[in-house]
4 protein chains.
Amino acid sequence: MNFLSDNSAAPCPEVLAAIGVAAPASGPGYDGDAISQQLDAAFGALFGCECVVLPVSTGTAANALALAAMVPPYGAVVCHEEAHIQVDECGAPGFFSGGASLLLVRGEAGKLTPAGIEAGLSAYRGDAHQVQVRALSLTQATEAGTVYSPAELAALGEYARGRGWKVHLDGARFANSVAHLGCHPGDITWRAGVDVLSFGTIKNGGMTAEAIVLFDLALADDLRFRRKRAGQMPSKGRFQAAQLLAMIKDDVWLRNAGQANAGAARLAAAAGDRVMYPVEANEVFVRLRAGEPERLRSLGFAFYDWGAAGSNEARFVVAWDSSAADIAALTAALAG
Amino acid sequence: MNFLSDNSAAPCPEVLAAIGVAAPASGPGYDGDAISQQLDAAFGALFGCECVVLPVSTGTAANALALAAMVPPYGAVVCHEEAHIQVDECGAPGFFSGGASLLLVRGEAGKLTPAGIEAGLSAYRGDAHQVQVRALSLTQATEAGTVYSPAELAALGEYARGRGWKVHLDGARFANSVAHLGCHPGDITWRAGVDVLSFGTIKNGGMTAEAIVLFDLALADDLRFRRKRAGQMPSKGRFQAAQLLAMIKDDVWLRNAGQANAGAARLAAAAGDRVMYPVEANEVFVRLRAGEPERLRSLGFAFYDWGAAGSNEARFVVAWDSSAADIAALTAALAG
Amino acid sequence: MNFLSDNSAAPCPEVLAAIGVAAPASGPGYDGDAISQQLDAAFGALFGCECVVLPVSTGTAANALALAAMVPPYGAVVCHEEAHIQVDECGAPGFFSGGASLLLVRGEAGKLTPAGIEAGLSAYRGDAHQVQVRALSLTQATEAGTVYSPAELAALGEYARGRGWKVHLDGARFANSVAHLGCHPGDITWRAGVDVLSFGTIKNGGMTAEAIVLFDLALADDLRFRRKRAGQMPSKGRFQAAQLLAMIKDDVWLRNAGQANAGAARLAAAAGDRVMYPVEANEVFVRLRAGEPERLRSLGFAFYDWGAAGSNEARFVVAWDSSAADIAALTAALAG
Amino acid sequence: MNFLSDNSAAPCPEVLAAIGVAAPASGPGYDGDAISQQLDAAFGALFGCECVVLPVSTGTAANALALAAMVPPYGAVVCHEEAHIQVDECGAPGFFSGGASLLLVRGEAGKLTPAGIEAGLSAYRGDAHQVQVRALSLTQATEAGTVYSPAELAALGEYARGRGWKVHLDGARFANSVAHLGCHPGDITWRAGVDVLSFGTIKNGGMTAEAIVLFDLALADDLRFRRKRAGQMPSKGRFQAAQLLAMIKDDVWLRNAGQANAGAARLAAAAGDRVMYPVEANEVFVRLRAGEPERLRSLGFAFYDWGAAGSNEARFVVAWDSSAADIAALTAALAG
């Protein structure tokens, strides 16, 4: 019973079907085929604004390419100290940007706030001897499984813009956040000041495609070249485009995310006050009792230890296709 | 009737079937699943030696990652002046390597020779003021549609090793070269001194997976990290592995390549002495007559002009799934 | 009365004289002249071991080149959160290394300890998704004006070596630390496990030369090329070499540093218990009283505010050539 | 008798004197001192236009920093195949730019022409699969010791601007070219469309300072940060500024260059029709007779062989301080 991550779940049927439909060659390679050509308009309709969509093969590529287009090589990106770009991407932002830095800021429950950034950067001067902050990267849903409200994001967006910073949103679990908030996707992106979104599908029933969604259209020319030289411009681009279109058609992305969120909510209810952060997406962090990790594993549950060694903290991730039986079993085990 | 490139052809049925089989999650993400775990052994059996296989999403990524592991950032790679890494990868080798250079050498029919390299580098001193040559990159089949013999490659391999250079083989059309030569794949790789092969499938009926095949196992540790930080380590790695395994199982790769080569041979016969280079793979370069490009296009044939403007040179590429009818039509048109 | 920094002080007479002596051309350029050729032996005699010396024009270049030779581009360097390489070099380590990261650790009075590093990296896993720690960078004297003892450094060196990390020492004020400790310079470098030292002279009466001193000779070949391509290999290398030799001849470097340290000690005595850290080199950090910064500035003293805005913390730096009168005036003002 | 290069010649008296004058600290470090603050105005007066001057420690740093500010990391710089940036800077342009490429073009006597560039790039398409040409780098005087006329440069500048490229001038021997032409320095820089000049002094009686002179003022902000993180912003910046100011004051730079040029002219006259290129600066390339290289060396002349091995081509460089006796001796030997 796998609660390790949503990142290896099966692709959903709609995505698999789209692969089959895209198989026959139809016109030129790269982004010149009829499927790829639909991307900008389809995402534009979804977000309610003009945008440019650049498919890539991983979330790491999406984040790092986006940031590389937003900051100069001597630049810096402000992010949460637990951000995926800092912790789990093997230095990709530094590689893609040509050496830019991440400036880490602390924040409760995975979230940044303007006041928290202000405090975290209190010693930052910004003179010619220092890296130049030019972007803020936020994660929605956060690494703690919480979700920024539209107002929280708008405040951060306003803060960033007031300093001349661009805003990046790491949306590996963006679908879970929209499903939780029930808002329009534009409310937590361009309307809140987001310039570039890493739109994730792979953790939400996708297969091998993520999308960089540019609301700041001026970045598109630069990014097209960066994407190519990063080996992220496949000759059969229609297979990435087809997955992305299948995900957003008929709200498949929200259906998948809603299922995962609902499962996580059941786990959270069972874990009660041992839950460490508000469960607003599909991740549940639980402060287990002594011996409980071992007991749960002996019952067949797979999950990651979290936090410091010996802390008994655990992370359970519910995927779009986690079975009701598995979730019920874990619910029972946690409540036991 | 599309003779533009093999790079947007349909995936072959075996590859599509493998995607479906890989769909259900089976164990951990990244390279930890049961399918990915088969790669090293399967390619080891194919090549007849121990090797490490790292799947990536594009040929550009395969080439650039491979070279980055072979030369230092102040290094240089010797390659043909028309090599894909120089002409068509938007500077990827410089990006992935942290600034290494390509030193361009001329050569007939897309091929390098030891003597040609020696002449091309006659002014190269190699002192501390110059980039340091540390690798030779060859293309098999070449950009001119020709194929190095095992002896030619062995001579180049020996030349390179004598100078302390590593050897990279860009095998975007490696299958076509093996199908042409009828040799063991080891004969034109590790037995000829090749350290790293970019094993292409996408132009040969694959979908979205290429493989870096390491014969120099000492490069593996470094490359694993480079691959991750380049955004080339997908969480659902099984979808790349499944494609690669499907391609090499039951010689599908050679069947596909053989079909493409055979079609090219028919075109070559029709073009007669207007063929510019020996047609040994699936590309046919033809010196057309004045007006002929326009005439062929008016008949519905799509192909690229080649060489200098006004030269009437054209490139026709036959894919694994180019229809016999299309090939016959072009054969007739060229012979006309 | 300038207590801003030692970094713009006058060059000492010995250094200026050496420039004049080096002026006539004597043999080949770059490092081929007779003066440059003396460097390795002279520093070898000073440190009591074989070493390779590579002159550079700034401390930033010394640090960043050294680190680039010690960690791969996907690597990481552990350092104090206030280290110069993090705070004041505009991202140079990321640039020179091709994207490597700094992992910041806290520590009292500018110092790291093995236990502090262990705690600071408690969440670091080191798997393929993370940057790879390969080096520890320490600063001697520290950014807080304190000095590691030989035993402290040896413990850190042993800790690092046990993990396979190399050790870099940022010695912008290395002379001040040796003058304070009265030890052999080898005791706080190679005998303590240091692989590479950034040997500073510019803050200690030098003019325009710093030295990378390699105790790990295996790094030399790589660094020579990195130095050249970084534009740090001047054709008239004798002018850097001459400065470095003048500094270490007849213990000029220790004389200069001793003078600066002594001045700082006088300031520290006057500041009494308002001194924030042990004054062991030539920097004095003082928690001033409300209104005191303004008062001191109105008296003509120039110095930097430190810490958070409104904290009234101040840094006073004594240079090798700070006048006794200026020091006495500040002593009186602080004691007042 | 040293005719190897002008790059290790003695600094001229004015430069040495300026070092002494700059020695006492005067105000803040870096570029904040009174001497550094004069640079922009002094060079502005020299060139007859507003400019920004950034001192650096080597010509390699000047060229590579300049180019990095002119092209994106996926960009390319067109230059002569024998340009110093290609042949003798160990890949510095690729390093500083984050991976940009040089596209090499042939040209007679070290010179490029619009027609030659057009021919050299005839196969360049400029689509998304290729590096993006964004700059042209020219060398004045050229690597062949020839000098572009103002009209030649203006034609190249117009050609570049018509394609949206910026123009860089590598002026390691800029002084020699102005001395030869007798023109206003503006005539072969900003008036001819040059955006950035690497203004060399080290080969012309300077010591350790070169200058990046920006006529395109919009590049200044970016370059200031690049310069810092490249370790090219010394804390005692006054020593570089003082050298630069001493060189341009009272036309010292033209006096020195004129002396060197005159010596080269005497050598050229003696070599007669064996001279390979017009001698317009301070370099003389001679096709020696069989045995002549050995004979000259046995007479005590030091010089570099040039061209292919066994070609008997030789390069003689006259420095500002080459003695009249040495020149006379070589003149006699060549005429013999």
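**Chain contacts**

Visitor: How many residue pairs are in polar contact between chain A and chain B?
Guide: This is a predicted model, and the count between chain A and chain B is 20 residue pairs, with both residues at pLDDT 80 or more.

Visitor: Which helices of chain A supply at least two residues each to the side that touches chain B?
Guide: Helix 1 (13–22), helix 3 (59–70), helix 5 (92–97), helix 9 (220–229) and helix 10 (238–248).

Visitor: And how do the residues on that side of chain A divide into nonpolar, polar and charged?
Guide: There are 22 nonpolar, 14 polar and 6 charged residues on the side of chain A that touches chain B.

Visitor: How many salt bridges across the interface of chain A and chain B?
Guide: The rule finds 0 there.

Visitor: What about the area buried between chain A and chain B?
Guide: About 3400 Å², with carbon and sulfur atoms giving 62% of that area. Phe95(A), Arg229(A) and Lys236(A) supply 23% of what chain A buries against chain B, more than any other three residues.

Visitor: How many residues are in contact?
Guide: 42 of chain A with 43 of chain B.

Visitor: Why say the copies meet through the same surface?
Guide: Because 100% of the interface residues of chain C are also interface residues in chain A.

Terms used: Residues are numbered from 1 along each chain as its sequence is written. Chains are lettered from A and ligands numbered from 1 in the order in which they are written. This is a predicted model: local features need pLDDT of at least 70, side-chain atom pairs count only at pLDDT 80 or more; totals for chains, interfaces and linings use all residues. Side-chain values use heavy atoms; hydrogens and water are left out. Contact means heavy atoms within 4.5 Å. Buried area is the accessible area (1.4 Å probe) that two parts lose on being put together, summed over both. A salt bridge is a side-chain nitrogen of Lys or Arg within 4 Å of a carboxyl oxygen of Asp or Glu. A polar contact is a pair of N or O atoms within 3.5 Å; within protein, one must be able to donate a hydrogen and the other to accept it, and residues adjacent in sequence count only if both atoms are side-chain atoms. Helices (H or I, at least four residues) and strands (E, at least two) are DSSP runs, numbered from the N terminus. Ala, Val, Leu, Ile, Met, Phe, Trp, Tyr, Cys and Pro count as nonpolar, Asp, Glu, Lys and Arg as charged, and the others, Gly among them, as polar.
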